[in-house]
Amino acid sequence: MHLLLFFICILTVSQATNDNQQTALWNLFKRVHKKQYANILEEQYRFVVFTDNLAMIDRHNHEADIGLHSYTLKINQFADMTHEEFVRKMLNGVKMPSKTDYMKKSNKNSLHPPSDVDIPAAVDWRKKGAVTKVIENQGQCGSCWAFTATGALEGQHFLKTGKLVRLSAQNLMDCSGEFGNQGCNGGWMDASFQYIKANKGIDTEASYPYEAKDGNCRFNPKTVGATDTGFVDLPKENETALQIAIATVGPISVAVDASHSSFQFYSSGVYDEPQCSSTNIDHSFILVGYDTFKNSTVKKDYYIAKNSWGDAWGDKGYIWMSRNKHNQCGIANIGSYPLV
Ligand SMILES: *[C@@H]1O[C@H](CO)[C@@H](O)[C@H](O)[C@H]1NC(C)=O
Ligand SMILES: *[C@@H]1O[C@H](CO)[C@@H](O)[C@H](O)[C@H]1NC(C)=O
């Protein structure tokens with residue numbers, strides 16, 4: 001009898017602790033991410049979604065502790081979204097325009113690097129000053145393509161002129177429709193490079209700041225921050241060529257399958273998702289380098305990817321994507337960079 005009571009008591013106490021902890025984490029989450037809900041019902045629903053995500057994240061991290069995963073997850077701004085909502089709202093940004101939209105205006109080049117190029121074991125363009133700080137947060141707008149294009153051009157512009165200038169994603173969103181881009185409804189990096197060439201430049205972010213919504217074109221030729229003369233596509237599905245390009249050219253724009261909960265809540269380590277598709281592409285970002293994670297039991301190659309979901313997401317805004325792992329997530333499907 002005593003024993004039974006004792007157990008019930010313990011159970012109740014630990015359940016209460018768990019609930020209190022969840023409530024504390026929920027309150028912290030709402031404060032940090034400035035969340036406001038329309039009414040109490042909506043908030044109750046969001047809390048349930050949050051606790052589901054929390055349980056999934058805890059489970060994953062316990063598995064990572066015992067060596068089952070090479071990366072961890074964490075609560076971030078997407079923790080009150082179901083996975084379906086995340087995919088619908090955040091992964092609608094990569095749309096290849098029909099060829100007629102921009103290819104007829106295009107001076108397409110392809111890079112076919114020689115196979116005997118010696119490349120370093122590790123590259124990080126951030127250390128050379130070629131990468132702007134992560135402050136971008138695309139918000140709930142399918143504009144990843146615009147940040148990918150500006151990121152790649154910021155790198156090439158720096159390597160040519162020695163000046164690192166943050167460029168305007170909003171300029172691309174508002175003004176490059178003629179090239180097949182659709183603002184918050186998606187777009188394409190190569191089409192952006194074509195627009196910038198035809199437009200004779202793109203404005204600086206300072207002069208044409210990000211608004212996370214579609215607007216009228218307000219391009220101002222007086223505040224151009226950089227320009228390009230076209231673009232180069234990398235050979236498809238070839239990770240060797242991709243690595244040579246990162247090492248010898250600079251930051252490269254790519255697109256991947258990001259449609260997994262593991263990507264939604266990625267925190268740190270080498271992202272390795274066996275479910276990742278190498279054909280279904282839904283998100284884009286730039287690769288700013290590559291390296292290898294090593295300890296006494298693990299050796300894993302990775303690419304350093306700069307995302308556009310703010311610096312609270314992932315590893316200060318970055319994710320380490322698996323490298324030399326059969327083109328995981330389609331990382332080498334559509335690499336390109338602008339010519340300057
Ligand atoms: C090596 O790193 C992995 C994470 O990828 C970790 O799970 C493992 O415990 C580490 N091993 C040692 C010996 O530190
Ligand atoms: C991949 O690219 C490298 C470097 O250009 C080249 O040597 C190799 O033949 C390519 N592989 C395939 C399968 O095309």
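Reply: A disulfide is a pair of cysteine sulfur atoms within 2.5 Å. The model is predicted: local features need pLDDT of at least 70 and side-chain atom pairs count only at pLDDT 80 or more, while totals for chains, interfaces and linings use all residues. Residues are numbered from 1 along each chain as its sequence is written, chains are lettered from A and ligands numbered from 1 in the order in which they are written, and side-chain values use heavy atoms, with hydrogens and water left out.

Me: How many disulfides does the structure hold, and in what pattern are the bonded cysteines joined?

Reply: There are three disulfides. With bonded cysteines counted along the chain, the pattern is 1-3, 2-4, 5-6.

Me: Is the disulfide of Cys175 and Cys217 left-handed or right-handed?

Reply: It is right-handed, because the torsion about the S-S bond of Cys175 and Cys217 is about 95°. Cys175 lies in helix H6 and Cys217 in the loop between strand E4 (202-203) and strand E5 (224-226), so the pair ties together parts that are 42 residues apart in sequence. Cys175 is buried, at 14% relative accessible area, whereas Cys217 is partly exposed, at 44%.

Me: Where do Cys276 and Cys329 lie?

Reply: Cys276 and Cys329 form a disulfide with sulfur atoms 2.1 Å apart. The pair links distant parts of the chain, 53 residues apart: Cys276 is in the loop between strand E8 (266-271) and strand E9 (283-294), and Cys329 in the loop between strand E11 (318-322) and strand E12 (336-338). The link is right-handed, with 110° about the S-S bond. Cys276 is buried at 12% relative accessibility, and Cys329 is buried at 0%.

Me: May we turn to charged pairs: how many salt bridges are there?

Reply: Side chains of opposite charge can pair when their charged atoms come close. A salt bridge is a side-chain nitrogen of Lys or Arg within 4 Å of a carboxyl oxygen of Asp or Glu, and by this rule the count comes to 10. One of them joins Asp80 and Lys35, at 3.4 Å from N to O. Asp80 lies in the loop between strand E1 (71-73) and helix H3 (83-90) and Lys35 in the loop between helix H1 (2-32) and helix H2 (40-65), so the pair ties together parts that are 45 residues apart in sequence. Asp80 is buried, with a relative accessible area of 5%, while Lys35 is partly exposed at 21%.

Me: In which helix do Arg46 and Glu42 lie?

Reply: Both are in helix H2, four residues apart, about one turn of the helix. Arg46 is buried at 10% relative accessibility, and Glu42 is partly exposed at 28%.

Me: Finally, how many bridges join E9 to E10?

Reply: Two strands pair if DSSP finds at least two bridges between them. Eight bridges join E9 to E10, and these strands run antiparallel. E9 and E10 form a hairpin with four residues between them, and Lys306 in E10 is the bridge partner of Ile286. E10 is also joined to E11, again antiparallel, by five bridges; there Ala305 stands opposite Ile319 in E11. Strand E10 (residues 299-306) is mostly covered, six of its eight residues being buried.

Key
Helix = DSSP H or I, 4+ residues; strand = E, 2+ residues; numbered from the N terminus. Buried < 20%, exposed > 50% of the residue type's maximum accessible area, 1.4 Å probe, protein only.
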